[in-house]
Amino acid sequence: MKLIGRALARLFAALFLTGVLSLAAPAQTPPVSGTMPTISAGADSAAAREALDEPGSAAASLLPRDLSPWGMFSSAHVVVKAVMIGLMLASLVTWTIALAKGWELLTARRSAAAQNLLLASSGSLAEAGQALAGQGQLEAATQAALREIEMSDGIHDKASVKERLASRLERIEAALGRRMMRGTAVLATIGAIAPFVGLFGTVWGIMNSFIGISKQHTTNLAIVAPGIAEALLATALGLFAAIPAVVIYNMFSRGVAGYKALCADGTAEILRIASRDLDRAEGAHSPCYRAKTAAE
């Protein structure tokens, strides 16, 4: 009995040891049947994509070769092309206005400064009108002052005449400022809307990229690159049109403000000359002046 007990104990010990060793051993994964592309560790990444992603390898031939600005414009969507053409035209308009209006403003300021010197050296309104004949801006103000004094002949209240003169000269000064500002509003419009037009082209180009991804079922660079490239080009053209327009508009605003100041100086000088003429005329009709003239 003792021998049988010992044999059973050895048997149970052997079974227990076998179970413990089987639990401690790592699990083996059975081989999976079927074909699977195998890629060696040293294989090229392009070959790996070609083996694992067939649509990506097919789209690789669509990768644009020319990423110059003209190449991106040529391969852009028709809507993005229209946006780019509009922005380039806006930029052309900006620089055309800059050159034309800049020359006009420069010559007008020089002319107004010279006319102010002529007014300062004039002794009467008639003399100022002769000196400014054919000069331009302030000539119209001088003629308007002469016409108002002529129409007010016989009115003894000189204060009302001066008030009407000031009103006429003020409106002429405002008209000169408006005339010089004409055309600069286009620059403000271009500076305000060009970034948003460029942003519209950007959104459209990115949308084309997502459409290409959905059609090809891949995020390969050949699918994404054309849309992103035309989007970035539209953004750049929007900034290229907007930034110079804003800068040039601000420069013209300051220049026109200086021109208005020169015109205001000229109209103020005309008003002073007219006031002196009116005071002289009033003194000439006074009894003291007539008596002095008769004594002489």
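**Close-up views of a predicted model**

View 1. At 13% relative accessibility, Gln137 counts as buried (buried is under 20% relative accessible area, exposed over 50%, partly exposed in between; 1.4 Å probe, protein chains only). This is a predicted model, in which local features need pLDDT of at least 70 and side-chain atom pairs count only at pLDDT 80 or more, whereas totals for chains, interfaces and linings use all residues. Residues are numbered from 1 along each chain as its sequence is written, and side-chain values use heavy atoms, with hydrogens and water left out. Gln137 lies in helix α7 (helices are DSSP runs of H or I with at least four residues, numbered from the N terminus). A polar atom of the Gln137 side chain is 3.2 Å from the backbone oxygen of Ala108. The side chains of Gln137 and Tyr259 make a polar contact at 3.5 Å (a pair of N or O atoms within 3.5 Å; within protein, one must be able to donate a hydrogen and the other to accept it, and residues adjacent in sequence count only if both atoms are side-chain atoms). Leaving aside residues up to four places away in sequence, Gln137 touches Ala108, Ser111, Ala112, Gln115, Leu176 and Tyr259 (contact means heavy atoms within 4.5 Å).

**View 2. The largest nonpolar core.** This core has 30 residues (a nonpolar core is a set of buried Ala, Val, Leu, Ile, Met, Phe, Trp, Tyr and Cys residues joined through side-chain atoms within 4.5 Å). Among those with the most contacts inside it are Leu105, Leu125, Phe252 and Tyr259. Two or more residues come from each of α5 (78-120), α6 (125-131), α7 (137-151), α8 (158-181) and α10 (221-284). The most come from α10, with 10 residues. A second, separate core of 13 residues includes Val83, Met84, Ala242 and Ala245.

**View 3. Salt bridges at Glu148.** The structure holds six salt bridges (a side-chain nitrogen of Lys or Arg within 4 Å of a carboxyl oxygen of Asp or Glu). In one of these, the closest N and O atoms of Arg164 and Glu148 are 3.0 Å apart. Arg164 is in helix α8 and Glu148 in helix α7, 16 residues apart. Glu148 is buried at 7% relative accessibility. Glu148 also forms a salt bridge with Arg168, with closest N and O atoms 2.5 Å apart. Arg168 lies in helix α8 and Glu148 in helix α7, so this pair ties together parts 20 residues apart in sequence.

**View 4. The Lys162 and Asp279 pair.** Lys162 and Asp279 form a salt bridge, the closest N and O atoms being 3.3 Å apart. Lys162 in helix α8 and Asp279 in helix α10 are 117 residues apart.
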